[in-house]
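Please open the model in a viewer and keep the selection panel at hand.

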Amino acid sequence: MHSMLMECRQLSRSYQDGDRELQVLKDVNLTVHAGEMLAIVGSSGSGKSTLLHCMGGLDKPTSGDVLFAGYAIQDWSANQLADWRNKELGFIYQFHHLLPEFTALENVAMPQLIAGVTTSAAKARAERLLRRVGLAERLQHRPAELSGGERQRVAIARALANSPRLVLADEPTGNLDDSTAEQVFELLLELNEEFDTAFVIVTHDNALAAKLPRTLTLHHGQLAQAES
Ligand SMILES: Nc1ncnc2c1ncn2[C@@H]1O[C@H](COP(=O)(O)OP(=O)(O)OP(=O)(O)O)[C@@H](O)[C@H]1O
Ligand SMILES: [Mg+2]
């Protein structure tokens, strides 16, 4: 049995819209176990990104708790949060968010350098990761010199650079054609097995979500087990 990694308890997030309150998340409860992989689906505007932002400490819930390995992240300082994100979390977005002026290798080395790893060790690991995601021939390419699928592979390698325990992915294949999306999704499944990293993947694509062991649907601000 895997231990509990992240827990959202009675998580609510609302936004003030003029004089009325827009409640996006209402008492959401979610447990992510170490090494597990789960999909979150839901219509546009249902709050999927808001939930991931709260889980990643990028947004603060209006009420409720996010616990990581038993610790409430809202109690941490900005520096502690930044350090935690760097070492324990990986992020993958719909658009790659790679640094345009740096090569694939440098982009994957960057989070390691921030964590204090030496340049030679960071580059060696970056190269191993890029080889693993199928980009052995693309180490020195800049993002503009890569295809959409290749950029997402670099973004995946970067997310894994510091061996995080949890990767949060927001529409990681949303910008790719169907067959490239499927390949990238298969890669995520393989990496989950190999590295024992937990993945929470937001997707619009029900067929891709169905490949994962667990799918939850966000609807009316609440998470429910998806019907299969
Ligand atoms: N900073 C903000 N201020 C006010 N409202 C916001 C803010 N951020 C998000 N919202 C609202 O919260 C709701 C949920 O947004 P969110 O981005 O989480 O949806 P989503 O499920 O990720 O949608 P999509 O699938 O289109 O990415 C939307 O109605 C949005 O307009
Ligand atoms: Mg979104």
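Helices (H or I, at least four residues) and strands (E, at least two) are DSSP runs, numbered from the N terminus; contact means heavy atoms within 4.5 Å; axes are lines fitted to C-alpha atoms, for helices over the stretch in contact, with angles from 0 to 180 degrees between N-to-C directions. The model is predicted, local features need pLDDT of at least 70 and side-chain atom pairs count only at pLDDT 80 or more, while totals for chains, interfaces and linings use all residues. Residues are numbered from 1 along each chain as its sequence is written, chains are lettered from A and ligands numbered from 1 in the order in which they are written, and side-chain values use heavy atoms, with hydrogens and water left out.

Six strands form an open sheet with mixed pairing, in the order β6-β7-β8-β3-β9-β10; two strands pair if DSSP finds at least two bridges between them. Because β6 (89–92) and β10 (222–225) each have a single partner strand, one side of each is left without a neighbour in the sheet. Neighbouring strands here are turned by 20° against each other on average, direction ignored. Helix α5 (residues 148–159) also packs on this sheet, touching β6 and β7 (166–170), and its direction makes about 165° with that of β6.

Now select strands β3 (residues 37–41) and β8 (residues 198–202), which pair in the parallel sense over four bridges. Met-37 has Phe-199 in β8 as its bridge partner.

Proceed to ligand 1. Which residues are around it? Tyr-15, Leu-22, Ser-43, Lys-48 and His-204 are among them, where near means that a heavy atom lies within 4 Å. An oxygen atom of the ligand is 2.7 Å from an N or O atom in the side chain of Lys-48, a polar side-chain atom of Ser-49 lies 2.9 Å from a ligand oxygen, and for His-204 the corresponding distance is 3.4 Å. Helix α1 gives the largest share of the shell, three residues.

Four strands form an open antiparallel sheet in the order β2-β1-β4-β5. Since β2 and β5 (71–72) each have a single partner strand, one side of each is left without a neighbour. Five bridges join the antiparallel strands β1 (residues 4–17) and β4 (residues 63–68); Met-6 has Phe-68 in β4 as its bridge partner.

Key
Polar contact = N/O pair within 3.5 Å; in protein donor to acceptor, adjacent residues only side chain to side chain.
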